[in-house]
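Here are my notes for you, point by point. Keep the structure open while you read, and click on each residue as it comes up.

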Amino acid sequence: MKIVIINYGAGNIQSIKFAIQRLGYTAVLSDDPEEIKSADKVIFPGVGEASSAMKMLNASGLQTLIPELKQPVLGICLGMQLMCNKSEEGNTTGLGIFDVDVVRFSKNVKVPQIGWNQITSLKSGLFDKVDDKEHIYLVHSFYAPLCDETIATSEYDVAYSAALKKDNFYGVQFHPEKSSEVGAQILKNFLSLESN
Amino acid sequence: MLAKRIVPCLDIKDGRTVKGVNFVDLRDAGDPVELAEIYSKEGADELVFLDISATEQKRKTLADLVYRVAEKINIPFTVGGGISSVEDVDVLLQNGADKVSINSSAVKNPKLINDLVAKFGSQCIVVAIDAKQIEGEWIVHLVGGKVPTERKLFEWAKEVEERGAGEILFTSMDHDGTKDGFANEALAKLSQELNIPIIASGGAGKVVHFTDTFKEGKADAALAASVFHFKEIGIGDLKKELQEEGIPVRI
């Protein structure tokens, strides 16, 4: 199986690479459109600030390629947020894959949310063998509200999307690579999805 | 619900753990990776590696260690100790650290916080603050609490937040090593005045100290070293007791 992690300069991808390695696979880092297109599974990472990450993505020319991919794609954290319509952070236009706008947590809670929160209302094969209310690790100041594409819910100040899915596109707000055994199971489930 | 975090801290010198550890099942008690794996399996929510070596080889040794930890460990970890530049942080994050913690370098050059946040984002920048009370006033100290500064704890913490740090690790030098409980009053005041997570450090000795720091100290996470290293408190047992006290934890 060929797994490609999109390398566009945004953030720490070493941990994702290691997490995949622990599952017995090897992931390649790449910004080459042909290499990404030929992958069985594509991972779209991202940490940091939305507008600068989007700038890097646009500079790499991958902003048009990603929405056209046909194989399973997993956006992680900021990667998921960039797959949405837009983000309040830096007033950023996203890839428009998920039909939802990313907004900031209110001042009722400490921001960023850092730590282990629970996921509920799990709705996809991505969560096979994952129990309701399992804990996953998150670090974020912005979130995607609940919408038709929500496949997992978490709660911090409000109920929001911990994961989204549309066709072959998956996005998780949490870090599966840092979410212990639960995260490893979710990554394993993603890698087991049928590649079209 | 967001869980309260339990964070073992490992002191590192030249790539090895230094504080004595009391794990009979360890093949190599000085290997931080092996210890990290054990804590991770026991249910630690996060780990902190504090590098106290001062050799010229330091940067490379620490980067190698970070790489080896990231390879094995599937929970987040923070690296601190002598980090003073954007380049230092870049190397550690590239090798797989989730967060870095800065202390003296931030006091000496507060703009470093802004520079790091601009380049890497708030989420991975922890500012550690060591303080102790002098004539009733909490004063920020450097060099492990030995050198007092002009700065007052609450003002400095507020400035750290405004400069964009994602989290504060507050160690009370008055409580550190006493095993008599955390500085809950000061912690609660930090939580009240700031809107970023606060990690409590210094003073853990018994399970009830953790309960108190979450309830009275309003801490988001609690860090400890020797009580875990010497197995005075098991992380699994600690979390069970916290849960019984109605504190949200990940079990």
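1. Start with A:Lys129, which sits in the loop between strand 8 and strand 9 (134–140) of chain A. The model is a predicted one, and in it A:Lys129 has a positive phi of about 65°, although this residue is not a glycine. Have a look at the backbone there.

2. Another backbone detail in chain A: the peptide bond that runs from A:Val111 to A:Pro112 is cis, and its omega is near 0°. You'll find A:Pro112 in the loop between strand 7 (98–104) and strand 8 (113–119) of chain A.

3. Now for some annotation. In UniProt, an unreviewed entry gives the label "active site" to A:Cys77, A:His175 and A:Glu177. Those residues span 101 residues in sequence, yet no two of their C-alpha atoms are more than 10.9 Å apart, so they gather at one spot. As for A:His175, look in the loop between strand 13 (169–172) and helix 5 (180–191) of chain A.

4. Which residues does UniProt mark as "active site" here? They are B:Asp11 and B:Asp130, again from an unreviewed entry. Both B:Asp11 and B:Asp130 belong to the lining of the second largest pocket. B:Asp11 is part of strand 1 of chain B.

5. Where does the lining come from? Several elements of chain B each supply at least two residues to the second largest pocket, among them strand 1 (5–13), strand 3 (47–51), strand 6 (125–134) and strand 9 (167–172). Helices join in as well, including helix 4 (104–108) and helix 9 (226–229) of chain B.

6. Next, helix packing. Two packed helices are described by the angle between their axes and the distance between the axes. On the helix 1 side of chain B, B:Pro32, B:Val33 and B:Glu37 make the contact, while helix 2 of chain B brings B:Leu65, B:Arg68, B:Val69 and B:Lys72. That contact comprises 4 nonpolar, no polar and 3 charged residues.

7. How do helix 6 (residues 153–162) and helix 7 (residues 184–193) of chain B cross? Their axes come within 11 Å, at an angle of roughly 35°, and the crossing is right-handed. Helix 6 of chain B touches with B:Leu153, B:Phe154, B:Ala157, B:Lys158 and B:Glu161, and helix 7 of chain B answers with B:Ala186, B:Lys189, B:Leu190 and B:Glu193. Sorted by class, the residues of this contact are 5 nonpolar, no polar and 4 charged.

Conventions: Residues are numbered from 1 along each chain as its sequence is written. Chains are lettered from A and ligands numbered from 1 in the order in which they are written. This is a predicted model: local features need pLDDT of at least 70, side-chain atom pairs count only at pLDDT 80 or more; totals for chains, interfaces and linings use all residues. Side-chain values use heavy atoms; hydrogens and water are left out. Helices (H or I, at least four residues) and strands (E, at least two) are DSSP runs, numbered from the N terminus. Axes are lines fitted to C-alpha atoms, for helices over the stretch in contact, and angles run from 0 to 180 degrees between N-to-C directions. A crossing is left-handed if the near helix is turned anticlockwise from the far one by less than a right angle, and right-handed if clockwise. Contact means heavy atoms within 4.5 Å. Ala, Val, Leu, Ile, Met, Phe, Trp, Tyr, Cys and Pro count as nonpolar, Asp, Glu, Lys and Arg as charged, and the others, Gly among them, as polar. UniProt positions are given in the numbering used here, feature names are shortened, and annotations may be inferred rather than shown by experiment. On a 1 Å grid over the protein atoms alone, a cavity is a set of points where a 1.4 Å probe fits but cannot get out, and a pocket is an open set with protein on both sides within 12 Å along at least five of seven lines; lining residues have an atom within 4 Å of a point.
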